[in-house]
Amino acid sequence: MSYTHPSRDEIRTMLGEARTVAVVGLSDKPERTSYMVSEAMQQKGYRIIPVNPAASGPILGETCYASLEEIPEPIDIVNVFRRSEHCPEIAAAAVRIGASVLWLQLGVYSEEAAEIAASGGLQVVMDRCIKVEDSLLWPQGKSSSELG
């Protein structure tokens, strides 16, 4: 399988239908990119669920989980802020929990993870920033009717 980036319309649908985003590798340090991106997405109305086994407490006011499998509710998008070599196992976990989208952040790319996710029925975005894509699609923010 050779990965092809989704079209702008496909990304619009993914983000337009999403409400809950599990962020794998979300740091509790406000100066980290994962924190800044997740905070911005939270402020735009997405529910952010942190996934970080090293975290010792809540992040962005939300309970932090050690793994995707520990999250007790449905997840729309699994957004990944981990190095590419960790992505296949994250993709497999995203399939197991029934997520709709595997989103690998800017600079993160794994053909193997994309194949695992796609084979499990997930849509895949790689090497793209979710915050940038959301801002390009809805520069003024989404209306309440557009929030999943």
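Author: Let's zoom in on helix α5 (130-137). The cover over the buried residues of α5 includes α1, α2, β3 and β4, where contact means heavy atoms within 4.5 Å. Helices (H or I, at least four residues) and strands (E, at least two) are DSSP runs, numbered from the N terminus. A word on the ground rules: this is a predicted model, so local features need pLDDT of at least 70 and side-chain atom pairs count only at pLDDT 80 or more, while totals for chains, interfaces and linings use all residues. Residues are numbered from 1 along each chain as its sequence is written, and side-chain values use heavy atoms, with hydrogens and water left out.

So who is tucked away in α5? The buried residues are Ile-130, Glu-133, Asp-134 and Leu-137. Looking down the axis of α5, these residues fall within an arc of 100 degrees, so they line one face of the helix. That arc is taken from the directions running from the helix axis to the C-beta atoms. Buried here means under 20% relative accessible area, exposed means over 50%, and partly exposed is in between (1.4 Å probe, protein chains only). The pattern has a simple background: an α-helix has 3.6 residues a turn, so residues three or four places apart point the same way.

Now for the neighbours. Helix α2 (residues 33-43) packs with α5 at an angle of about 35 degrees, the axes being 9 Å apart. Those axes are lines fitted to C-alpha atoms, for helices over the stretch in contact, and angles run from 0 to 180 degrees between N-to-C directions. From α2, Val-37, Ala-40 and Met-41 meet Ile-130, Lys-131 and Asp-134 of α5. Sorted by class, that contact has 4 nonpolar, no polar and 2 charged residues. For that sorting, Ala, Val, Leu, Ile, Met, Phe, Trp, Tyr, Cys and Pro count as nonpolar, Asp, Glu, Lys and Arg as charged, and the others, Gly among them, as polar.

Helix α1 (residues 8-17) has Ile-11, Met-14 and Leu-15 as its buried residues. They span an arc of only 90 degrees around the axis, which puts them on the same side of α1. The cover over them includes β3 (77-80), β4 (101-104), β5 (123-125) and, back to our helix, α5. On the face of α1 turned away from its buried side you'll find the exposed residues Asp-9 and Glu-17.

A salt bridge here is a side-chain nitrogen of Lys or Arg within 4 Å of a carboxyl oxygen of Asp or Glu. Arg-128 is partly exposed, at 28% relative accessible area. Arg-8 joins in too: Arg-8, Arg-128 and Glu-133 are linked in a network of salt bridges.

Zooming out, a search of the whole structure finds 8 salt bridges. One of them, listed with its N to O distance of 2.6 Å, brings together the side chains of Arg-83 and Glu-85. Arg-83 is exposed at 53% relative accessible area, and Glu-85 counts as exposed at 54%.
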